[in-house]
There are 2 protein chains.
Amino acid sequence: MQFIAYKNYVQVFAYIFRWDTLAAIRHNNARNPMALAHAIMTALIDDDLSGYELAKSFDVSLGFFWRASHQQIYQELRKLAERGLLRGEKVSQSGKPNKIIYGLTEEGREALAQWVYDSSRMQEAKDDMLVKLYNLGDDNISHMVSEIEKRRDEMMQRLYLYERIRRTHYAKPDVLPVRRQGVYLALRCGITGGEQFLAWCDEALKRLAQIQSAQA
Amino acid sequence: MQFIAYKNYVQVFAYIFRWDTLAAIRHNNARNPMALAHAIMTALIDDDLSGYELAKSFDVSLGFFWRASHQQIYQELRKLAERGLLRGEKVSQSGKPNKIIYGLTEEGREALAQWVYDSSRMQEAKDDMLVKLYNLGDDNISHMVSEIEKRRDEMMQRLYLYERIRRTHYAKPDVLPVRRQGVYLALRCGITGGEQFLAWCDEALKRLAQIQSAQA
DNA sequence: CTCGACATGTAAAAAGTTACATGATTCT
DNA sequence: AGAATCATGTAACTTTTTACATGTCGAG
């Protein structure tokens, strides 16, 4: 089932949009190259970090907006060091494996500052669960309910963390320096998006409950 | 733009979760394998379509939640046909290149119905623009303003389309058959998510304007 | 003495993007 | 005549995931 049968959508659209506008909607599925590399460099603006530390800090900050596994991060760090955008310093540790502390070079800082001006396209939404909803039926409705409930719980946890960060570090955003205000805005995006998702979950659960009670 | 008062999740959570639970938030970055294949099969539930038609219908329906390029779709269709989940029928056309109309086989329908019960993990958010906000500075602030404005316009267009679809095909969701109600919920997710994003854009633009006027 | 956190990776596979290719038709 | 649309792909590449590997240290 589609929103609109393929044969009709053209007519529907001819009404609303000029064709050039439609084309703009269509071709949005593009990746912004090197995004992870720039996310990593961003994480190194203030502090020099080892791969492990970086991966950890990713989990509670930038990773909210660009996820990466530790394997990817290690590889990317090595590549960036090879290209001269990062400088890596080996640190021998007694008892523990050696680690490499990475920091931005001047070149790296320049490349990062330049990247901000690159055009980036809107990110595609990708969600399995919403595709599953297209397959909703009397038989799988209770499974969808539990899946949505699970997502709702996960989002609750995440929001709790966001809120905690907001209150401890961004309670008075107006007095923060410019860059911190940018981070605050990103955090706000996560918070409002999460709140919206919670609201949607409740709407969906309510509707699914209605369908279920009508069945019985 | 107002959202339901979910602000109390903070208190709720302070009671429910201890800090160790937060670790569970960390390892959510996984892909759900074969998601595109299932999205394609979903698009073929009601109608048999050629690759081209499928790609088009993707653009105005399922593609809102799982984007794919036509190249990817053609490849996936071929693979699915090889695995017996789709059946492809060659249609000779005069004047135009031949096309292959694909439809679900019984096996395909079963696999799809089964897939709905597979566990899927929360999708990672990936957004370049939010990473860029971490690099906000006096010099690039006006660029960020124009980038957010661009996103806002794009989202407006998309919301306009969503809303049009909702009104023409889902005006009275309660009387729809179960599966259509699932699609309606997905659409609602897109709409509320989009509205939230617009609201965030306005919040961000307001804050950035404040910073700019403080500079001058 | 085992389990989990610390710390660092390699290798292979899957998924997704970009660039290229072709050739008819229809609209301006 | 030139642009856009219809219609179908292939090939090369990048990005991301999964699975595997190794070894130390501290807590229970």
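Me: In which loop of chain B does Asn135(B) lie, and is Asn135(B) buried or exposed?
Reply: This is a predicted model, in which local features need pLDDT of at least 70, side-chain atom pairs count only at pLDDT 80 or more, and totals for chains, interfaces and linings use all residues. Residues are numbered from 1 along each chain as its sequence is written, chains are lettered from A and ligands numbered from 1 in the order in which they are written, and side-chain values use heavy atoms, leaving out hydrogens and water. Asn135(B) sits in the loop between α7 (128–133) and α8 (141–169) of chain B, where helices (H or I, at least four residues) and strands (E, at least two) are DSSP runs numbered from the N terminus. With a relative accessible area of 10%, and with buried meaning under 20%, exposed over 50% and partly exposed in between (1.4 Å probe, protein chains only), Asn135(B) is buried.

Me: Which residues does Asn135(B) touch?
Reply: Contact means heavy atoms within 4.5 Å. Not counting residues up to four places away in sequence, Asn135(B) touches Asn140(B) as well as Thr42(A), Ile45(A), Leu112(A), Trp115(A), Val116(A) and Arg179(A).

Me: Through what do the copies meet?
Reply: Of the interface residues of chain B, 82% are also interface residues in chain A. The copies therefore meet through the same surface.

Me: Which residues touch the most other members of the largest nonpolar core?
Reply: A nonpolar core is a set of buried Ala, Val, Leu, Ile, Met, Phe, Trp, Tyr and Cys residues joined through side-chain atoms within 4.5 Å. The largest one has 125 residues. Trp200(B) has among its contacts Leu185(A), Cys189(A), Met129(B) and Ile148(B). The residues that touch the most other members are Trp200(A) and Trp200(B).

Me: Which residue of chain A meets Glu203(B) in a salt bridge?
Reply: A salt bridge is a side-chain nitrogen of Lys or Arg within 4 Å of a carboxyl oxygen of Asp or Glu. The partner of Glu203(B) is reached at 2.7 Å, N to O. The pair crosses between chains, from helix α9 of chain B to helix α9 of chain A. Glu203(B) is partly exposed at 23% relative accessibility, and its partner is Arg188(A).

Me: How many residues apart are Asp202(A) and Arg152(A)?
Reply: Their side chains meet in a salt bridge (2.6 Å, N to O). The pair links distant parts of the chain, with Asp202(A) in helix α9 (residues 178–215) and Arg152(A) in helix α8 (residues 141–169), 50 residues apart.

Me: Arg180(B) is buried yet has no salt bridge; which backbone oxygen does its side chain reach?
Reply: Lys and Arg count as positive and Asp and Glu as negative, while His and the chain ends are not counted. The nearest side chain of opposite charge to Arg180(B) is Asp46(B), 7.5 Å away. At 3.2 Å, the side chain of Arg180(B) reaches the backbone oxygen of His169(B).

How values were computed. Polar contact = N/O pair within 3.5 Å; in protein donor to acceptor, adjacent residues only side chain to side chain.
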